[in-house]
Amino acid sequence: MSHRLFALIVVVLSGAPLLVQATDAAAIARQGNGKGAPPCMACHGADGAGQAATGNPRLAGLHAAYLRKQLDDFASGARESTVMKPAASALSEDERQALARYYSKLPLPPGLAKPETPMPLADSVGAVLATRGDWSRDVPGCVQCHGPAGVGVGTHFPPLAGQSATYIAAQLKAWQNGARHNDPLQLMQHLAKALSAQEIDAVATWFAAQPLPAKGATP
Ligand code: HEC
Ligand code: HEC
C-alpha cells in the first residue's frame, strides 16, 4: 500500500466518529445538551403531549418548519419567554433543526384524542368565533387558517386542537400585549387585539375540547 493511500484511509477513518456524533435529538429531549439546554421532556412530556395544567404546549406532530421557527424566535426575542429563551439560545442551529424534526415525527399522543374538557355548544361564543369569526370586526373564523376543528394546515398554520385552553389563551394574550410579535404578517396580532378577555377564554376552551384525529396531525 502506498503511503498516500494509507494516509487517505487514516483520514477517512478518523472522520468516522464525527458522523456517529450526529445530533441526537432524542437524547437532548431526554437529558438536555450539556451546554445549558434543559431536557425538553421535563416540561413537554415524554411523548411530546405537553402539560395542560401548567400550559406547556404540545409539540408532538407539529410541523418541523413551524417548530424550528419558534425556536429561532425564542432565541431572537421575537417571541418572549423567560423559560424558552435560555433553552433555545443554548441550542446550536443543528440541534434546533434536529429537535424540530424529532418532535414533528412523534406520533400523536393518544391522550389528546379524547380531551378532558367537554365540548362547548355550537352556538356558544367560542364556537361561533372559531368557526365563523365576527366580520363586523374583521375577525375571520380561526378555522379558516388553522384548519377544520383546528387540526393545523401545512407549514405556517399550527394546530390548536391538542393544546390546552391555558396555553391558547396565554398566546392570544401575549399577542395582545406584544410579548409575542413573531408573526410576519401580523395576522394574529391584529386578531388578538380585537378580542375581549371573555372571548379569548371562550375560543381557547372550544379549541382545547376538539379531539385530535387519530391519524396524521398536520395535513
Ligand atoms: C421548564 C419548562 C420547559 C422546558 C425544559 C422546555 N420548554 Fe419549550 N416551552 C415551555 C413553555 C412554558 C412554552 C410556552 C412559552 C410561551 O410562549 O409562553 C414552551 C414552548 C415551546 C415551543 C413552541 C411551541 C408552539 O406550539 O409554538 C417549542 C417549539 C418548544 N417549547 C421546544 C422546546 C425544546 C426543543 C426544549 C428542549 C431543548 C424545550 N422546549 C424545553 C416550557 C419548557
Ligand atoms: C389569517 C390566518 C389566521 C387566522 C384567521 C387565525 N390565525 Fe392563529 N395563527 C396564524 C399563524 C400564521 C400562526 C403562527 C404564527 C407564528 O409563526 O408563530 C398562528 C398561531 C396561533 C396560535 C399559536 C399556536 C402555538 O402553537 O403557539 C394560537 C393560539 C392561535 N393562532 C389562535 C387563533 C385563534 C383563537 C384564532 C381565531 C380567533 C386564530 N388563531 C385565527 C394565522 C391565523
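**Iron sites and their surroundings**

I found both His146 and Met188 buried. I am working on a predicted model, and I keep that in mind throughout.

I looked up what these two residues hold. His146 (NE2) and Met188 (SD) coordinate the iron atom of ligand 2, at 2.0 to 2.2 Å. The two sit in distant parts of the chain, 42 residues apart: His146 belongs to helix α8 (residues 143–146) and Met188 to helix α10 (residues 187–194). I checked the geometry next. The iron atom of ligand 2 has 6 donor atoms, with angles of 85 to 178 degrees, and its site is octahedral.

I turned to ligand 1. Its iron atom takes His44 (NE2) and Met84 (SD) as protein donors, at 2.0 to 2.3 Å. This pair also links distant parts of the chain, with His44 in helix α3 (residues 41–44) and Met84 in helix α5 (residues 84–89), 40 residues apart. Why is the arrangement around the iron atom of ligand 1 octahedral? I read off angles of 86 to 178 degrees among the 6 donor atoms, and the arrangement is octahedral because of them. The test asks for opposite donors over 155 degrees apart and all others between 65 and 115.

Are His44 and Met84 buried or exposed? The cut-off for buried is under 20% relative accessible area. His44 has 9%, so I count it as buried. Met84 has 19%, so I count it as buried too.

**The whole chain**

I stepped back for totals. I count 11 helices and 2 strands in the protein. Along the sequence the pattern runs α-α-α-α-α-α-α-β-β-α-α-α-α. The protein has 219 residues, and 44% of them are buried. I took contacts between residues at least 6 apart in sequence; 65% of these join residues at least 24 apart. The accessible surface is about 12,000 Å², and carbon and sulfur atoms account for 64% of it.

**Helix α4**

I checked the length of α4 against expectation. Its 13 residues should span 18 Å at 1.5 Å a residue, and the end C-alpha atoms are 18 Å apart, so the two agree. I listed buried residues in α4, among them Tyr66, Leu67, Leu71 and Phe74. The buried residues of α4 pack against α5 and α6 (93–105). Just after α4, I noted a positive phi of about 95 degrees at Gly77.

**Arg68**

I picked Arg68 in helix α4 (residues 64–76). Its relative accessibility is 16%, so it counts as buried. Which residues does Arg68 contact, leaving aside neighbours within four places in sequence? I found Glu93, Arg96, Gln97 and Ala100.

**Asn33**

I ended on a loop residue. Asn33 lies in the loop between α2 (25–31) and α3. At 14% relative accessibility, Asn33 is counted as buried. I looked for partners of its side chain. The side chain of Asn33 reaches the backbone oxygen of Ala90 at 2.9 Å. It also makes a polar contact with the side chain of Glu95, at 3.1 Å. Not counting residues up to four places away in sequence, Asn33 touches Ile28, Ala90, Leu91 and Glu95.

Notes. Residues numbered from 1 in each chain as written. Chains lettered and ligands numbered in written order. Predicted model: local features only at pLDDT ≥ 70, side-chain atom pairs only at ≥ 80, totals over all residues. Heavy atoms only, no water. Helix = DSSP H or I, 4+ residues; strand = E, 2+ residues; numbered from the N terminus. Buried < 20%, exposed > 50% of the residue type's maximum accessible area, 1.4 Å probe, protein only. Contact = heavy atoms within 4.5 Å. Donors = N, O, S within 2.8 Å, 3.2 Å for Na, K, Ca; no water. Tetrahedral: all angles 85-135°; square planar, octahedral: opposite > 155°, others 65-115°. Areas by Shrake-Rupley, 256 points an atom, 1.4 Å probe, with all protein chains shown as cover. Expected span 1.5 Å × (residues − 1). Polar contact = N/O pair within 3.5 Å; in protein donor to acceptor, adjacent residues only side chain to side chain.
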